[in-house]
Amino acid sequence: MGEGDRKGVKAKRVVRASAHFTSLKYHKPGNEIMTTSEKYSIGFVTSKDGTKIGYRQLGQGEGLILVHGAMMYSQNFMTLAGLLADEFTVYIPDRRGRGLSDAHVENYGLSTESEDIQAIVNKTKAQNIFGLSAGAIIVLKTAIIESSIKKMALYEPPISVNGTKSLAW
């Protein structure tokens, strides 16, 4: 696919994934089907407390970190990463105890999760970050501490607004 070929294109589903690449199937308006393979690599950082945190990396351009929610792991973001890979170098960490990353430590909490993301920011020099659900809270905490983050996007952060209860929907 050339530059701009993905405009008006929606990712349908991940067709195949392995340690080296993932195939994405797209449906264009008019029902033409295109398939592309996005190569990715796997990297690791060591967090402040010594925990090994694994991540997937694909694309090229400005660095962008995608932080998943509680009941997810990095592969849940592969389709999104594939769509962003033409514009960004995308880093998708597995949060502690998931996928490529080591398990929790004794004093596990928001601060340790933020330290994990800070380790990735420091290694990759990524200045853009996106967080989904619980990942959004980790991103928010990290952005408060890590001054090198220039842009962040939060989607469905589980925070109370004006006294609402998170389960009151």
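Helices here are DSSP runs of H or I with at least four residues, strands are runs of E with at least two, and both are numbered from the N terminus. This is a predicted model, so local features need pLDDT of at least 70, side-chain atom pairs count only at pLDDT 80 or more, and totals for chains, interfaces and linings use all residues. Residues are numbered from 1 along each chain as its sequence is written, and side-chain values use heavy atoms, with hydrogens and water left out.

**Exercise 1. Work out how many helices and strands the chain has, and in what pattern they follow.**

Step 1: Count the elements, and you get 3 helices and 8 strands.
Step 2: Now read along the sequence; the pattern is β-β-β-β-β-α-β-α-β-α-β.
Step 3: For contacts (heavy atoms within 4.5 Å), take those between residues at least 6 apart in sequence: 56% of them join residues at least 24 apart.

**Exercise 2. Find where Arg96 sits, whether it is buried or exposed, and which side chains it touches through polar contacts.**

Step 1: Look in the loop between strand S6 (88–93) and helix H2 (110–124); that's where Arg96 is.
Step 2: Check the relative accessible area with a 1.4 Å probe, protein chains only: buried is under 20%, exposed over 50%, and partly exposed in between. Arg96 comes out at 0%, so it is buried. Across the chain's 169 residues, 39% count as buried.
Step 3: Look for polar contacts, meaning a pair of N or O atoms within 3.5 Å; within protein, one must be able to donate a hydrogen and the other to accept it, and residues adjacent in sequence count only if both atoms are side-chain atoms. The Arg96 side chain has one with the side chain of Asp49 at 2.9 Å, and another with that of Asp116 at 2.6 Å.

**Exercise 3. Describe Gly50: which loop holds it, and how exposed is it?**

Step 1: Go to the loop between strand S3 (33–46) and strand S4 (52–59), and you'll find Gly50.
Step 2: Gly50 has a relative accessible area of 46%, so it is partly exposed.
Step 3: Val105 is 55 residues away from Gly50 along the chain, yet their C-alpha atoms are separated by 9.5 Å.

**Exercise 4. Identify which residues of H2 and H3 meet.**

Step 1: On the H2 side, pick out Leu110, Ser111, Glu113, Ser114, Ile117 and Gln118.
Step 2: Their partners in H3 are Ile137, Ile138, Lys141, Thr142 and Ile145.
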